[in-house]
Amino acid sequence: TPQVIPQVTPQVIPQVIPQVTPQVIDVLRRAVSECVFSELQEAAGLRDRVHFLKAFMEPFLLAGWLERTIPDKPRSSKQKYRLTEKGRQILHQHENA
């Protein structure tokens, strides 16, 4: 009987690099000090929580611009967010442009 040999192909993981708009800069500025989700959402000037989560927070977290203060419990009521070193670099680049 013929032997089936599985082929392993590398998975392609797209790099998520959010577009840097004035709204993005406002959110990054707010995250210089630890803050809760609603404070970041307010900095973006958005009312729709789900839209803010999908359009801003998920890309920022995946790109490594923001980090959770309690990474093991992303849904914690005490969860806060802060700017990472990578996020500081993005902010610095665009504020000095």
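Predicted model: local features only at pLDDT ≥ 70, side-chain atom pairs only at ≥ 80, totals over all residues.
Biologist: Let's start with Gln41. Is Gln41 buried or exposed?

Modeller: Gln41 sits in helix H2, which covers residues 37-44. Buried here means under 20% relative accessible area. Gln41 comes in at 9% relative accessibility, so Gln41 counts as buried.

Biologist: On to Gln79. What is the relative accessible area of Gln79?

Modeller: Gln79 is in the loop between strand S1 (66-68) and strand S2 (81-83). The cut-off for buried is under 20%. Gln79 counts as buried, because its relative accessible area is 5%.

Biologist: How far is a polar atom of the Gln79 side chain from the backbone oxygen of Lys73?

Modeller: Not counting residues up to four places away in sequence, Gln79 touches Val36, Arg68, Thr69, Ile70, Lys73 and Pro74. With Lys73, the pair to look at is its backbone oxygen and a polar atom of the Gln79 side chain, and the distance is 2.9 Å.

Biologist: And what separates Gln79 from Arg68 in space, C-alpha to C-alpha?

Modeller: Arg68 is one of the residues Gln79 touches. Along the sequence they are 11 residues apart, and C-alpha to C-alpha the gap is 6.8 Å.

Biologist: Now the largest pocket. Which helix gives the most to its lining?

Modeller: The space in this pocket is about 360 Å³. Its lining includes Arg49, Val50 and Leu53, along with Gln79 and Arg68. Helix H3 spans residues 49-63. With three residues in the lining, the top contributor is H3.

Biologist: How many residues of that lining are nonpolar?

Modeller: Val36, Phe37, Pro74 and Tyr81 are among the lining residues, and Val, Phe, Pro and Tyr count as nonpolar. The lining also has three polar and three charged residues, and the nonpolar ones number six.

Biologist: Last one, Pro59. What is the C-alpha distance between Pro59 and Pro18?

Modeller: Pro59 has its place in helix H3. At 14% relative accessibility, Pro59 counts as buried. Pro18 is 41 residues away along the chain, yet the two C-alpha atoms are separated by 6.1 Å.

Conventions: Residues numbered from 1 in each chain as written. Heavy atoms only, no water. Helix = DSSP H or I, 4+ residues; strand = E, 2+ residues; numbered from the N terminus. Buried < 20%, exposed > 50% of the residue type's maximum accessible area, 1.4 Å probe, protein only. 1 Å grid on protein atoms, 1.4 Å probe; cavity = no way out; pocket = protein on both sides within 12 Å on 5 of 7 lines; lining within 4 Å. Points joined across faces, edges and corners; volume = space filled by probe spheres on them. Contact = heavy atoms within 4.5 Å. Polar contact = N/O pair within 3.5 Å; in protein donor to acceptor, adjacent residues only side chain to side chain.
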